[in-house]
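Work through the exercises below with the sequence and the coordinates open beside you. Each one sets a task and then gives a solution in steps.

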Amino acid sequence: RYRYKNAWWAGVAYRSSMTAVIEAGFMVKKRFQIGYAFDQNISNLAKYTAGSHELILAYHFVKSKYGRR
């Protein structure tokens, strides 16, 4: 995954299940990110599938330097 100025990110991946992935997204207020990914099967099953679309919503928790409260 490549990050640009900690605001945008994009990447490509390969899964052992013979799937290629392209993804991109952006950060919102340093802790929340929104993105999109497209997975395409590249095995013999590819002719039977159209790939899958994924919406990425993530929240990054920040660990307190004082431990649990």
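Predicted model: local features only at pLDDT ≥ 70, side-chain atom pairs only at ≥ 80, totals over all residues.

Residues are numbered from 1 along each chain as its sequence is written, and side-chain values use heavy atoms, with hydrogens and water left out.

**Exercise 1. Describe the secondary structure and the sheet.**

Step 1. Assign the elements as DSSP runs numbered from the N terminus, where a helix is H or I with at least four residues and a strand is E with at least two. The protein then has zero helices and five strands, and the elements run β-β-β-β-β from the N terminus on.

Step 2. Pair the strands, which requires that DSSP finds at least two bridges between them. The five strands form an open sheet in the order β1-β2-β3-β4-β5, with antiparallel pairing. Because β1 and β5 (52–59) stand at the edges with a single partner strand each, one side of each is left without a neighbour in the sheet. The twist averages 15° from one strand to the next, taken between axes that are lines fitted to C-alpha atoms (for helices over the stretch in contact), with angles from 0 to 180 degrees between N-to-C directions.

Step 3. Look at one pair in detail: eight bridges join β4 to the antiparallel β5, and Tyr36 has Leu55 in β5 as its bridge partner.

**Exercise 2. Find the salt bridges and state what each one connects.**

Step 1. Search for a side-chain nitrogen of Lys or Arg within 4 Å of a carboxyl oxygen of Asp or Glu; by this rule there are two salt bridges.

Step 2. Arg1 forms a salt bridge with Glu23, and their closest N and O atoms are 3.2 Å apart. Arg1 lies in the segment before β1 (2–4) and Glu23 in strand β3 (residues 19–28), so this pair ties together parts that are 22 residues apart in sequence.

Step 3. Arg15 forms a salt bridge with Asp39, with the closest N and O atoms 2.5 Å apart. Since Arg15 lies in strand β2 and Asp39 in strand β4 (residues 32–41), the pair ties together parts that are 24 residues apart in sequence.

Step 4. Classify the burial, where buried means under 20% relative accessible area, exposed over 50%, and partly exposed in between (1.4 Å probe, protein chains only). Arg15 is partly exposed at 39%, whereas Asp39 is buried at 6%; Arg1 counts as exposed at 52%.

**Exercise 3. Which residues form a nonpolar patch on the surface?**

Step 1. Take residues with over 30% relative accessible area and no salt bridge, joining like charges within 9 Å and nonpolar side chains (Val, Leu, Ile, Met, Phe, Trp, Tyr) within 5 Å.

Step 2. Tyr2, Tyr4, Trp8 and Phe26 form the patch, with about 490 Å² of accessible area together, by the Shrake-Rupley method with a 1.4 Å probe, for which only the protein chains shown count as cover of residues.

Step 3. Trp8 is placed in strand β2 (residues 8–15) and is exposed, at a relative accessible area of 52%.
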